[in-house]
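Have a look at the sequence and the model, then read on.

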Amino acid sequence: MRTRLRWLSVSALELWLPVALLLAWWFASRHSTSAYFPPLRYILDGFRLDWLSANGAHNLRPSLTVLVAGFGLAVIVGVAVGAVLGLNRTVERATRPLLELTRAVPGVALLPVFIVLIGIGTDMKILLVASGAVWPVLLNTTDGVRSTEPLLVDMAVAYGMGRWRRLRSIILPAAAPQIFAGARTALAISVIIMVVSETVGAQGGIGYFLLAAQRSFQITDMWGTIIALGVLGYLLNLLFRLTEAVVLRWHRLYQARLSAPRR
Amino acid sequence: MTDSAVGGPPGTASPVAALATMPGDQRPAAAGGGNRTGAARRFTAMTGVQLAVIAVAVAIWWYISDVASAGSVPSPARTLSELAALLGTSVLWTAVGQTATTWLIGIAVCAAVGIPGGLLIGASHFATDSTRLTIDFVRNIPPVALVPLGLLLWGPTRSMVLLLVISGTIWPIVIQSIYAARQSEPQLRDVARVFQLGRRWWLTHIFLPGVTPFVMTGLRVAATICLLLTITGELFGGAPGVGTQIQSAQVGNDNPQMYAYVIMAALLGLLVNTLIWIAQRRLLGWHPSFRKRA
C-alpha cells in the first residue's frame with residue numbers, strides 16, 4: 001500500500017509538467033488562426049489520420065528499414081573495428097590520424113557524394129546512416145576494451161582461456177556499458193541521417209512526407225509529422241533502454257553492491 | 001538522471017584501469033627524463049607509420065577514381081588542385097565563415113542557457129523529477145523535424161539553421177549539467193561549512209571544479225552535434241554555408257568541387273575537435289584522466 005502511494009506521488013511529480021505544457025498548448029492554440037500554428041486539435045486529428053493508419057504504416061516501413069539496417073550495420077562494424085583497435089595499441093596509434101580525419105566528416109555532408117557513387121536507392125540510405133553512426137560506437141568500444149581491468153585479463157590467461165573466449169566472455173562484457181553509451185548516441189545520429197536521406201528519391205518515408213507537407217503548405221500534416229518523429233524517437237529510446245537494462249543487468253547489480261557498504 | 005547517454009567525464013574507470021591504460025611505449029619517458037632520445041625515436045617511427053597509413057588510404061582513393069565510371073570520383077590530385085583553387089576565392093571563405101559563425105552562435109547560446117539551466121535543475125530534487133519526462137521526450141525529437149517549421153517561418157536563413165542547431169545541441173549540455181549538480185559531493189559542502197569557508201569560496205573552489213568535468217563532456221558531445229546540425233541545416237534547408245556549397249556542386253555535376261567542399265567540412269570538424277580537446281586540457285589539466293597524458 002505504502003509503496004503504491006509512493007509510486008503514485010513519484011509519477012505525479014514527473015507527469016505534472018508535461019500535462020501542464022500540453023494543456024497550455026491546447027488552450028493557447030484553441031482559437032489560433034495563424035497559418036503556421038494551427039490549433040492542437042487539428043494537429044492531433046491529422047496525426048491520427050496520417051500516422052495511426054494503414055497509410056502511416058506504409059510511410060513508416062521504408063524509414064524503419066533504413067534505420068534498423070543502418071544502425072545495425074554501424075553497431076556491428078563499430079564493435080568489430082573498435083575491439084581490434086582497443087586490443088592492439090600499435091594499430092590504434094598507426095590509424096589514429098586517418099580515423100580522426102574520416103570521423104570529422106559530418107555524416108550528412110556525404111549525402112551528395114553517396115548519391116553520385118551509389119545512387120538514390122535504399123542501399124545508399126543504409127550505408128549513409130551506417131557511415132555516420134559508426135563513430136560513437138567505434139570510439140567507445142576502443143575505449144571500453146582498452147580500459148578492461150588488466151587483472152581480469154591476466155587471470156583469464158592464467159586459466160588458459162583462448163584469445164576468442166577471452167574477448168567474448170571478459171573483454172566485451174567489461175566494455176559493454178561504454179559500448180551501449182556509444183550506441184545510444186549512434187541511434188540519435190541514425191534518426192537524423194535517416195530523415196535527411198529520405199528527402200532524395202521519391203520512395204516514401206518520414207523524411208519524404210515531412211518535406212512534401214512543408215512544400216505543399218500542409219501545415220497540420222507537417223506538425224503531425226513532427227509529433228510522429230517525436231513519438232518515434234521516444235519509443236526507440238525506450239526500446240533501447242529496455243534492451244540495455246536486460247543486457248547490463250549484471251553491471252547494475254555489481255555497481256549497487258560496490259556502493260552499498262558506503263551508505 | 002541516471003540515463004545520461006554520455007556518462008561521466010572521460011575515463012572515469014577505476015584509477016587502476018587508468019594507470020593500466022597508460023600506453024606501454026610512453027612509460028620510459030614518463031618514468032624519468034633519461035630515456036628521451038629513445039622515446040623521441042619511437043615517436044618519429046610512429047609518425048612515419050601514421051603517414052604511411054594515410055598514404056595507403058590516398059592510394060586506394062586514387063585506385064577507385066581510376067576504375068570508377070568516368071568522372072564520378074575525381075582523383076586526389078584533381079580534388080586537391082580544385083581545393084587549392086577554391087582557397088583563393090572568396091566564395092569558399094564566405095561559406096566557411098557562415099558555417100563557423102552559425103556553429104559558434106549555436107554552441108554559445110546552448111552553453112549560456114544549458115549550463116546554468118541544467119545546474120539549477122540538478123540542484124533541486126523537485127525540479128529534477130518534474131522535468132525528467134519532459135526533457136526525455138523533447139530531446140528525443142529528431143532536430144531535423146523542425147527544419148520545415150524554420151523554413152516556413154524564416155526561409156533558408158541562419159535563423160532557420162539556428163532553430164535546428166539549438167534544439168539538438170542543448171540537450172547533451174543540459175543533461176550533463178543536471179548530472180553534474182547531482183553528483184556534487186555533499187561531504188565537500190559539509191567540510192567547507194565546518195571550516196567556515198565562505199559561500200563564494202565554496203562556489204569557485206569546490207562546486208565549479210567538481211562540475212566542470214561533467215559539463216565539459218556534455219560540451220564535447222554538443223560541439224560535434226552542433227557542427228553536424230549546422231551542415232545538415234544548410235544542406236537540407238538551403239541556408240548559406242559549406243553544406244549548401246556541397247549540395248550545389250552536386251546539383252551542378254561538379255564532382256571535384258563537391259569533394260573539395262566535403263574536405264573543407266572535414267577540416268572544420270577537425271578544427272572543432274581540436275578546439276574542444278585544447279579547452280578540455282586547459283580546464284581539466286588536474287583531472288586524473290588528463291594527468292596521465294602529461
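This is a predicted model: local features need pLDDT of at least 70, side-chain atom pairs count only at pLDDT 80 or more; totals for chains, interfaces and linings use all residues.

## Chain B at a glance

Helices here are DSSP runs of H or I with at least four residues, strands are runs of E with at least two, and both are numbered from the N terminus. Of the 294 residues in chain B, 39% are buried. Buried means that 20 or more other C-beta atoms lie within 10 Å of a residue's own; 12 or fewer makes it exposed, anything in between partly exposed, and the C-beta atoms are placed from the backbone.

Take the contacts in chain B with a separation of 6 or more: 75% of them link residues 24 or more positions apart. Two residues are in contact if their C-beta atoms, placed from the backbone, lie within 7 Å.

Residues are numbered from 1 along each chain as its sequence is written, and chains are lettered from A and ligands numbered from 1 in the order in which they are written.

The predictor's confidence in each residue, pLDDT, runs from 0 to 100. Chain B averages 79, and 80% of its residues score at least 70. For the complex, ipTM is 0.79 and pTM is 0.79.

## Where the chains meet

The contact between the chains takes 54 residues from chain A and 55 from chain B. Which helix of chain B gives the most to the side that touches chain A? That's helix 12 of chain B, with eight residues. By class, this side of chain B has 35 nonpolar, 17 polar and three charged residues. Nonpolar covers Ala, Val, Leu, Ile, Met, Phe, Trp, Tyr, Cys and Pro; charged covers Asp, Glu, Lys and Arg; the others, Gly among them, are polar.

## A spot inside chain B

Now zoom in on B:Ala180, which lies in helix 8 (residues 158–183) of chain B. Is B:Ala180 buried or exposed? It's buried, because 28 other C-beta atoms are within 10 Å. Beyond its neighbours within four places in sequence, B:Ala180 is in contact with B:Leu119, B:Gly122, B:Val211, B:Phe214 and B:Val215. B:Ile115 is 65 residues away along the chain, yet its C-alpha atom is separated from that of B:Ala180 by 9.9 Å.

## Helix packing in chain A

Over in chain A, the axes of helix 9 (residues 206–215) of chain A and helix 10 (residues 219–247) of chain A come within 8 Å and cross at roughly 155°. Axes are lines fitted to C-alpha atoms, for helices over the stretch in contact, with angles from 0 to 180 degrees between N-to-C directions. Helix 9 of chain A and helix 10 of chain A are therefore roughly antiparallel. Angles over 145 degrees count as roughly antiparallel, under 35 as roughly parallel, 65 to 115 as roughly perpendicular and the rest as oblique.

Helix 8 (residues 163–197) of chain A packs against helix 9 of chain A at about 55°, with the axes 6 Å apart. That makes helix 8 of chain A oblique to helix 9 of chain A.
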